[in-house]
Amino acid sequence: MQQQAPRAAAIELSSVRRVYGFDSSATVALSGADLRIEPGRFVSLIGPSGCGKSTVLRLVSGLEEPDAGSVLVHGMTPAEACAAKLIGFVPQTPALLPWLSVLRNVTLPQKINPRAGRRRAAGSASPDMRELLRKAGLGEAMDKLPAQLSGGMQQRAAIVRAFGLRPEVLLMDEPFSALDEFTRESLQDQLLDLWDELKTTVLFVTHSVSEAVRLSDTVVVMAPKPGRVVDVVDIDLPRPRGERLFEERDFHAYEDLIRDRLRSAWRSTDAATVGGTNR
């Protein structure tokens with residue numbers, strides 16, 4: 001019986017190095033970064049500022065190229081994956097067009113790329129954007145302009161817009177960082193509901209340990225100077241993950257574990273700097 005070839009990872013970084021600047025002023029943003037993310041997984045990057053989290057997103061999105069090593073998205077270069085409309089992006093700010101209604105904002109990408117929403121599975125129809133908006137709690141806001149919405153509602157619309165094209169890979173750069181805790185938790189619920197339905201591969205950047213544990217299948221711990229992956233923690237908690245999760249002992253155990261890994265990474269970074277080994 002002929003063996004099937006292993007399927008390509010959704011995202012794969014191999015020995016990636018990225019440097020900004022030149023000579024004595026050069027900053028090594030990433031060095032020897034290796035990461036493999038399987039399709040359909042929700043993966044969070046966590047670490048202090050300057051550890052290369054946003055650099056990873058820029059490399060995966062094709063906005064930048066590595067100085068060494070390789071980055072692949074479903075076996076393609078990021079540029080090829082972008083051309084094939086495989087990648088979606090949710091930034092820190094919603095970036096909605098102020099003169100369009102919420103519904104027109106979230107359906108605009110489908111109108112620009114009418115075939116992209118049907119790409120994920122042969123013969124599948126693009127999702128009903130009105131239904132996605134209702135699931136995101138925006139059913140009464142479809143005809144409103146962005147300025148008429150709260151910051152949390154605008155960010156919900158941005159997330160629905162990104163899911164609307166059903167990208168194979170969705171990159172999220174601290175999308176909830178500017179929101180209050182209550183709104184943040186509400187949007188986490190909405191995000192998990194959409195992800196559970198569409199099973200897009202998500203690479204999510206956050207500074208919040210509890211957010212990373214609640215959302216993720218896997219948490220990737222990074223350290224700076226130079227930016228690198230120092231640990232990968234699989235989160236073995238049942239789904240769906242509602243508000244009661246915050247009361248669970250296992251949830252807090254994972255929080256403690258990741259905080260400990262972050263502290264260990266900082267200690268090793270400080271020791272390398274004091275010892276003169278940082279480059």
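Me: What does contact mean here, and what share of the contacts between residues at least 6 apart in sequence join residues at least 24 apart?

Reply: Contact means that heavy atoms lie within 4.5 Å. In the protein chain, 71% of the contacts between residues at least 6 apart in sequence join residues at least 24 apart. This is a predicted model, in which local features need pLDDT of at least 70 and side-chain atom pairs count only at pLDDT 80 or more, while totals for chains, interfaces and linings use all residues. Residues are numbered from 1 along each chain as its sequence is written, and side-chain values use heavy atoms, with hydrogens and water left out.

Me: How many helices and strands does the protein chain have?

Reply: Helices (H or I, at least four residues) and strands (E, at least two) are DSSP runs, numbered from the N terminus. The protein chain has 8 helices and 9 strands.

Me: In what order do the strands of the open sheet stand?

Reply: Two strands pair if DSSP finds at least two bridges between them. Here 6 strands form an open sheet with mixed pairing, in the order 5-6-7-3-8-9. Strand 5 (87–90) and strand 9 (228–234) are the edge strands, each pairing on one side only. Within the sheet, strand 3 (residues 42–46) and strand 8 (residues 218–223) run parallel and are joined by 4 bridges, and isoleucine 46 stands opposite valine 221 in strand 8.

Me: At what angle do the axes of helix 3 and helix 5 cross?

Reply: Axes are lines fitted to C-alpha atoms, for helices over the stretch in contact, and angles run from 0 to 180 degrees between N-to-C directions. The axes of helix 3 (residues 102–112) and helix 5 come within 8 Å and cross at roughly 25 degrees. Angles under 35 degrees count as roughly parallel, and helix 3 and helix 5 are therefore roughly parallel to each other. Helix 5 (residues 151–164) also lies across strand 5 and strand 6 (169–173), running at about 175 degrees to strand 5.

Conventions: Parallel < 35°, antiparallel > 145°, perpendicular 65-115°, else oblique.
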